[in-house]
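Colleague: I've never looked at this one before. Could you walk me through how to read it?

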Number of protein chains: 2
Amino acid sequence: MANPYNTVHTHKPTPHANGASCLDRLFVKQPVEHLASGQSLFFEGDDAKHVFQVVEGTLRVFRIISGGRRVITGFLDAGDIVGVSLRGRYLYSAEAITPSVVKRLARRQFDAAVASDEGLRPVIFARVCDEMAAAQDQMVLLSSKSAEERLCTFLVKYLRRNTVPGCTIIELPMTRLDIADYLGLTIETVSRTVTKLANKGILGFENPGLRHTIRIERPGMLAQLTGDGDDHEDLPGDLLALREPRRH
Amino acid sequence: MANPYNTVHTHKPTPHANGASCLDRLFVKQPVEHLASGQSLFFEGDDAKHVFQVVEGTLRVFRIISGGRRVITGFLDAGDIVGVSLRGRYLYSAEAITPSVVKRLARRQFDAAVASDEGLRPVIFARVCDEMAAAQDQMVLLSSKSAEERLCTFLVKYLRRNTVPGCTIIELPMTRLDIADYLGLTIETVSRTVTKLANKGILGFENPGLRHTIRIERPGMLAQLTGDGDDHEDLPGDLLALREPRRH
DNA sequence: CGTTTACTTGAATTTCCTCAAGGACGGTGG
DNA sequence: CCACCGTCCTTGAGGAAATTCAAGTAAACG
């Protein structure tokens with residue numbers, strides 16, 4: 001039951017620097033609630049009576065589909081808001097990966113605040129846009145990236161989002177199974193791909209045997225392997241056509 | 001260059017019945033613009049200066065990723081709005097599949113209307129929520145459905161969305177390649193899967209050789225093959241655990 | 001009527017999954 | 001302190017699904 005990986009997140013910057021204080025105003029008076037590892041915040045299909053703000057910890061957002069398979073559509077970290085862009089019922093379940101702290105606000109109050117507060121609307125809107133953009137990126141990842149590209153994309157985004165720039169230590173709060181369900185792979189494939197990247201010298205482990213803490217040895221190489229073509233966008237046109245062909 | 005499949009959409013119901021008139025008010029005074037097949041409405045990365053309403057026709061919304069691969073994230077039909085949930089720049093390109101008619105509204109005007117019109121906000125919000133829900137469904141499809149399940153899901157949704165209830169004729173405006181890029185498959189796999197469904201007697205072709213017009217012979221069977229478990233959601237709990245295992 | 005585009009079909013290959021086993025760590029209880 | 005257990009992770013062998021490569025057919029267009 002107890003999660004053996006109740007990692008402490010050092011290196012974590014304040015996410016969502018813009019407008020965060022504006023959002024915090026909404027939740028500042030709400031009491032904090034504590035969630036143990038594995039504890040559910042809400043279930044898919046529940047009446048969407050509340051909007052939540054994550055104060056601390058990491059949660060997974062997922063759906064269970066017919067064969068009992070789980071699809072994780074995202075992870076939530078400190079500063080994230082969940083429950084905004086839906087009507088009536090939650091489209092997914094949310095549960096704590098690490099011991100977490102959240103605040104809640106009744107949807108009625110939330111809607112009222114958004115309706116009355118001119119300054120709040122653009123902040124909320126920006127969040128919804130980010131969510132939409134993330135969903136688009138995920139669709140691209142799932143429809144056309146290889147296992148290695150998926151994992152590299154995940155690590156690069158995690159590095160950017162959850163550590164200070166320049167930091168190359170990633171302390172993953174989620175299990176390999178979480179990552180697999182997020183990337184549309186199996187746990188074995190995730191494991192093998194991590195090993196492969198380690199063998200290539202792109203990443204390593206802080207503590208042999210403790211494979212949740214990853215050190216990125218070659219961040220540039222990792223970025224190249226995401227398949228996003230972030231690199232060399234300034235190539236001359238005739239070279240662009242000669243890019244490596246992409247399997248599917 | 002010219003699209004040989006400038007199909008006429010018979011059987012098409014009015015989509016988005018709720019609040020459509022409310023949205024139409026925004027665009028009613030705007031002049032119509034015509035797009036030929038294959039013509040672009042805007043490109044990924046363009047300044048998002050306008051919001052568009054599709055009046056007639058079908059468009060594809062897509063991104064080009066590094067290896068030259070194209071990922072279609074959605075199709076737009078009459079009544080759809082595009083360009084709402086983004087900031088600054090379009091996240092994707094949009095181009096006409098069939099000859100299409102659209103109206104445009106400057107973002108400034110759009111934003112002003114949303115800010116001032118209390119009644120408009122929930123309608124817009126509902127659209128964004130639908131978009132988000134569709135993105136979630138697509139992530140589920142891409143991360144854990146087989147080729148057959150993907151195609152069946154596509155056909156069922158298309159049937160529900162673009163024909164009157166009970167109608168079993170689907171006139172697909174998009175090519176097999178469009179479908180492949182939407183479902184995260186290759187054109188060959190789509191083709192093979194269509195053939196397989198035809199051999200099973202689940203669907204047939206109105207005109208031999210003209211394979212864009214599909215007749216669904218067994219709608220119930222098609223729905224079962226989507227892998228959504230829409231069926232038997234009322235099973236007793238102990239049976240739920242015994243559902244057929246799902247490959248991945 | 002020839003060319004182009006869209007689609008289909010087959011064979012070989014590849015990637016990832018499935019199944020199976022084993023190892024490492026943390027917690028528990030003797 | 002140590003043996004035991006459960007969970008998480010890794011690794012290997014074999015298999016299945018979808019991709020790639022390669023023709024080949026059919027309809028649409030000029």
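Modeller: Let's start with one residue: Gln138(A) touches Tyr182(A) and Met139(B), leaving aside residues up to four places away in sequence. Contact here means heavy atoms within 4.5 Å. Before going on, note that this is a predicted model, where local features need pLDDT of at least 70, side-chain atom pairs count only at pLDDT 80 or more, and totals for chains, interfaces and linings use all residues. Residues are numbered from 1 along each chain as its sequence is written, chains are lettered from A and ligands numbered from 1 in the order in which they are written, and side-chain values use heavy atoms, with hydrogens and water left out.

Colleague: Where is Gln138(A) found, and is Gln138(A) buried or exposed?

Modeller: Gln138(A) is found in helix 3 of chain A. Helices (H or I, at least four residues) and strands (E, at least two) are DSSP runs, numbered from the N terminus. Buried means under 20% relative accessible area, exposed over 50%, and partly exposed in between, with a 1.4 Å probe and protein chains only. Gln138(A) has 4% relative accessibility, so Gln138(A) counts as buried.

Colleague: And what about chain A as a whole?

Modeller: Chain A has eight helices and eleven strands. Of its 248 residues, 52% count as buried.

Colleague: How do I read a sheet?

Modeller: Strands of a sheet pair through backbone hydrogen bonds, either parallel or antiparallel. Here, two strands pair if DSSP finds at least two bridges between them. In chain A, an open sheet of four strands has the order 1-8-3-6, with antiparallel pairing. Strand 1 (32–35) and strand 6 (81–82) of chain A are at the edges with a single partner strand each, so one side of each has no neighbour in the sheet. Further in, six bridges join strand 3 (residues 50–56) to strand 8 (residues 100–106) of chain A, and His50(A) stands opposite Ala106(A) in strand 8.

Colleague: What lies across strand 3 and strand 8 of chain A?

Modeller: That's helix 2 of chain A, running at about 70 degrees to strand 8 of chain A. Axes are lines fitted to C-alpha atoms, for helices over the stretch in contact, and angles run from 0 to 180 degrees between N-to-C directions.

Colleague: How do I tell the sides of a helix apart?

Modeller: An α-helix has 3.6 residues a turn, so residues three or four places apart point the same way. In helix 2 (residues 107–116) of chain A, the buried residues include Arg107(A), Phe110(A), Ala113(A) and Val114(A). They cover an arc of only 125 degrees around the axis, which puts them on the same side of helix 2 of chain A; the arc is that of the directions from the helix axis to the C-beta atoms. The face turned away from that buried side carries the exposed residues Arg108(A) and Ser116(A).

Colleague: And a pair of helices?

Modeller: Two packed helices are described by the angle between their axes and the distance between the axes. Helix 3 (residues 120–144) and helix 4 (residues 147–162) of chain B pack at about 155 degrees, with their axes 10 Å apart. Helix 3 and helix 4 of chain B are therefore roughly antiparallel to each other. By the cut-offs, angles under 35 degrees count as roughly parallel, over 145 as roughly antiparallel, 65 to 115 as roughly perpendicular and the rest as oblique.

Colleague: Which residues meet there?

Modeller: Asp137(B), Leu141(B), Leu142(B) and Ser144(B) in helix 3 of chain B meet Glu149(B), Arg150(B), Thr153(B) and Lys157(B) in helix 4 of chain B.
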